[in-house]
Each structure stands twice: as structure tokens, then as C-alpha cells.
Amino acid sequence: MKQKQIFQYLSRYGILVAFLILILLLSLLSPAFLKTTNIMNILRQTSVNGIVAVGMTFVIILAGIDLSVGSVIALAAVIAASFAHSGDYPLIVPVFAGLAVGGLCGFLNGFVIAKRKIAPFIMTLAMMTIARGAALVYTNGRPVIELSDSYNKIGGSYFLGIPLPVIIFIIIIFIGWVLLSKTVFGRHVYATGGNTTAAALSGIKTGKITIWVYTLAGILSGLAGIVLSSRVMSGSPATGQGYELDAIAAVVIGGTRLTGGVGTIFGTIVGVLIIGVMNNGLDLLNVSSYWQLVVKGIIILLAVVLEKKNSR
Amino acid sequence: MIVIILSLCCNRHPSVQYSHTIGVTYQNLQNEFVINIQDAMRNRAKELNVKLIEVDGQGKAENQISQVENFLALDVDAIILNPFDRYGSAPVVSIAKREGKPIVVVNAVVVNLDKADAYVGSNDQEAGRIAATYISQLLKGKGDLALIRGPNGHSAEIQRTEGILEILKGYPDLKIIFDQSGNWDRTQGLELMENWLSTGKPLQAVIAQNDEMALGAQKAIEAAGKQNDILVIGIDAIPDALRAVKDGKLCATVFQDARGQGILALELAVKLSEGKRVDHTNYIPFQLITKENLNK
């Protein structure tokens, strides 16, 4: 047990070192990098991916995967936005609608995976297509525009000088951390992900855990859809494409194993920040968009290799 | 039960006799601009009593190829191709001509365009030229610019960039200091702009190759309180952008006439299937939309 803890600290250390090197490099290369406004930019830009990645952490610890994230973001975004025209409903209605849609998609994912024993990859792949299609059907393919000021404030306003999406992200981190590390539910998630059969034999209701985890991930995708649509003041059915991959990358960079049973919220946050810092830094340096793709891939690979080395 | 359902289905379309059947393959129906072409084409088809068989290429040239093979099996009278890929969608034209079917290409181009019976579209280089010319006039030929491109390699991205650079070549004091792709996406336009602004380099104008990205960039500029210092121009004239032009948030947008393209493409396809002759190249012009001419 003690040895395992040391390994865990080492793996955290490895990813932190990678992160600090990246920050050091970028602050040397660009004088604008460490300015307060830029740091706020990075945090705000990472918040949507961060919210999704917290949910993805639970799913991957459970040895699952959620490919439907990007599409569920789009579906929640268009449905929430459609209730957010000024003067129609109080703010709570679009917010609740977005969360409910996300939660429902997640629940369906979890239910089918748990009860019908369908591989998470397949089920969430199906949901990815269904939710994207539903978003297009709902809007006829057009973005939902002319949203109320109060809705646009979710993504655009500040609280104590900190962008609201960042505050939402921090709250979600805290809730995720408490759920995963401080509750029976969290222990059951680790146990189910590590060895489902053993967990079931020891009396854990693994089916129920699975349903809850995917529902949670769905609600967080819904929340991400609300924040995203509010930030750009329009709910587009084409939004969110590729967000599942950014979230999976963040979780894996953060040291969570795709085989399940191992992982932390802390690691995911570092993973999310690495991706965010990288996107921001490459823009600041005006690296050509062709090269950005190459550089991003290499940095993700390096971060994971470094993490692997340290966790051995 | 089945009989009832079937009879209901049939009753909804009481044996209409269509004058022509035309197959249309769209590049991607997740794009608002393409949907506008579709709407115009559908309305005109209804008026002319033409049956449309519509399919969505979903952003893949290979889908468009198999779709046109299906059209041939259905023995349509003519085909309308809205190509996704300049090269990849070109076989669609060859296949149609091999079977002797009339084919009209709309909106985007393919390399073997000369083999098609007709082309309806707007020259994307012109859109780039119009946007860059207007910005260079407003800035009196001097200043630092940011360019937000469409997806790398997309035909509109390539041509709009060519048009923009062609004009800027004439103004040595207009420099592009930032240049990235925003993939037609509003969020990406917003985040690029946030990042560029935080470098602290002064900027005089942003040219975005579509309105979504222009609106995203504008939002970042407004949040930084620089809306009076930096001009933003977009292309497409989507409703949200027209509102922004009216409110003075965008200095202009360039209108591409989706409706005009859709209507003319359908009319040409009908004429061709009746054996009539049509002009090969039909350009629908772009128009600069500013606050002054917005209400026209």
C-alpha cells in the first residue's frame, strides 16, 4: 500500500514537472504569457473542457469511455438556448432544460451499458450520433440566436474579478473531488472500475454505480453546453465537435488509466491545464495552424510518456 | 394495421405527376449556408412541380460519389452537385457524364468543372477581395491585421485567402501579424482573439473568412473594451451578423446569395433535362453589406 502511494505521488510529480516545463518555456518565449489577463483567458478557455473532463474522469476510472460528450454538449446547448430568448422564461428554465437533457442522455448511456451489457464504446458511439442528429432535427440545422442578456452572462460575466465559467469549473472540481475521494460512492466507483466481478461479489451494486456515473457525466456535458452556448451567445447544433477527444486526452494525460480503477481529479485538472496552456501558448506565438496540430500531438505524447516512466 | 399506415402514407401524396425528377447531393447539411441553398432549391422545385431527391454528403466526397451512383439507378432526369471537395467530388461529374446525365455544379467547384453542363456559384476570391478592399479603405492603407481563416484546405478558405492577399499586396503598410484557422467556428474565433489580444500587440482590424468567426472575435474585442479600436469584417451575411452590422459591432459583412444560387441551379437543371442549352458559368455576385446599405 505504501509503495503504491509513493508511485502515485511520483506519477503526479511527473505530470506536474511536464506542466511546469511547459509554463517556463512559454513564459520565456512570450512576454504576454504570464499576464493576469492571459491567465484568466487560459482558465476561461479550459473551463468547458474541464467541466466535461471531470465527468470523463469518473467514466474512465469505471473502465468506461464516453464518446457522446461533444454531441450531448450540442444537444444541451440548442435546447437550453431555445428556452433562453429574452423575456420568455426565467433563467432557471434554460439552465434546468440543458442539465436535464444532458442527464437524460447520460442516464440512457449508463442504463443500456449496465443492463444490456453493451460495450461503453458502442453505446456512447450510438449516443454520439443520436444526440448530434437530434440537435440538428431540433434546430433544422441552424444556430439558435438572440439569447437573453441574463443567459449570456453565464459565460460572459465575472465574480470577484474571476470569469464565471472558471468559478463554475472550480465548483465542479470540488464536487467531483469530494464525490470521488470522500464518499462511499467514490470508493465503489474505484472498486467497480478495478474489478467489476470482485466488486459485485463484495456486495457493490455495480449496475447502479454505472448508471450514476454516466448520468453524472451527461449532466456535466449539459452544463458544458450551457456555458459554451452562453459564451458565444448562440446555440449551434454543430458545436462541441471533438470535445470528447480533448476530455479523454486531459484525463489520460492526468494519469487515469483507460483500464479503470486508477485516477484522480487532481491529475485531470493538470491534464486540462496542459491542453489549455498549449492551445493558448501556440496562439500567442502565432505558430501556423498546420504546425499547431503536430506540436499538440507531440506534447500530449511526451506528457503521457513522462507520466508512464514515473509511475513504473 | 400495416395496410392502414400504408394507405395513410399514400393519401398524403395523392399521385402527383411531377414534370421532372432531379437528384441533389449537398456537401454538408450541418452548415447554415448550405441549408439556405437547400431551402431556395426546395421552394423553386415546388413552384416548378419538380420532384427533388435530396441527399447529404455529410462532409465526405466518397458519400457524394455513392449517392450519385444511386441517382443513376433511380434514373433521375438531372443531377445537382454541391461539391464538398474540389478533387474528391470530381468523380461525381465524370460518373454522371459517362451515363449522359445532365449535371449542374452549385456553390463550390470541382477540378473537372468544364465537363459539367453548368456551374452556378460565387467566386470566393471576390469575397476575399471585397473584404480586404473595404478594410484597406477604412484604414487608409496602413495598419496591423489579424486573419482568421476557414478550415485549412477547404476550397472557400483557399480562395478567400488568395483574394485577401491579392489586395493586401498593393498595400505594403497593411501587415497581417496574426494568421490562424478558426474552422468556421464561433468559439474558436473568440478564443483566438482572446489570445491575440493578450499579447498586447496593437491591432487595427480583423478579417474573418466567415461571420461566425467574426462574431466570436468581436465578442472578445468587446470584452476587452477595444470595440472602438479594432474593426471586424466577416463573410456570408448570416442573420446574426446583419444585426451586428446594424449595431456597429461588425464594420461590414460580405453577402453571398445562397438563395440566388439555389434557385438558378434548379432552373438550369430543369432546362438541361428538357434538352435546352444553358450558359456554362453563372456567377452570382457578392455584395458588401455595411450599416449604410443594410436596409436595401
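Start by selecting chain A: of its 312 residues, 53% count as buried. Here a residue is buried if 20 or more other C-beta atoms lie within 10 Å of its own, exposed if 12 or fewer, and partly exposed in between, with C-beta atoms placed from the backbone.

Before going on, note that this is a predicted model, where local features need pLDDT of at least 70 and side-chain atom pairs count only at pLDDT 80 or more, while totals for chains, interfaces and linings use all residues. Residues are numbered from 1 along each chain as its sequence is written, and chains are lettered from A and ligands numbered from 1 in the order in which they are written.

**Stop 1: chain A as a whole**

Switch to a cartoon view, and look for 13 helices and two strands in chain A. Helices (H or I, at least four residues) and strands (E, at least two) are DSSP runs, numbered from the N terminus. Along the principal axes, the C-alpha atoms of chain A fill a box of roughly 60 × 55 × 35 Å. How does the radius of gyration of chain A agree with that of a compact globule? A compact globule of 312 residues would have a value near 20 Å, and chain A has 19 Å, which agrees. The radius is taken over C-alpha atoms, and the globule rule is 2.2 Å times the number of residues to the power 0.38.

**Stop 2: two helices in chain A**

Now select residues 92-115 and 206-232 of chain A, which are helices H4 and H10. They pack at an angle of about 150°, with their axes 6 Å apart. Axes are lines fitted to C-alpha atoms, for helices over the stretch in contact, and angles run from 0 to 180 degrees between N-to-C directions. H4(A) and H10(A) are therefore roughly antiparallel to each other. Angles under 35 degrees count as roughly parallel, over 145 as roughly antiparallel, 65 to 115 as roughly perpendicular and the rest as oblique.

**Stop 3: where the chains meet**

Show both chains: 24 residues of chain B are in contact with 28 residues of chain A. Contact is counted if the C-beta atoms of two residues, placed from the backbone, lie within 7 Å. Which helix gives the most to the side of chain B that touches chain A? Select H7(B), which gives eight residues.

**Stop 4: a helix pair in chain B**

Next, select helix H3 (residues 61-73) and helix H4 (residues 90-98) of chain B, whose axes come within 8 Å and cross at roughly 15°. H3(B) and H4(B) are therefore roughly parallel to each other. Zoom in on B:Gln64, B:Ile65, B:Val68 and B:Glu69 in H3(B), which meet B:Pro91, B:Val92, B:Ile95 and B:Ala96 in H4(B).

**Stop 5: two single residues**

Find B:Ala241 in helix H9 of chain B. Is B:Ala241 buried or exposed? B:Ala241 is buried, with 28 other C-beta atoms within 10 Å. Among its contacts beyond four places in sequence are B:Asp211, B:Leu215 and B:Thr253.

Finish at B:Leu168, in helix H6 (residues 155-168) of chain B. B:Leu168 counts as buried, with 21 C-beta neighbours inside 10 Å. Leaving aside neighbours within four places in sequence, B:Leu168 is in contact with B:Ala132, B:Leu174 and B:Ile176.
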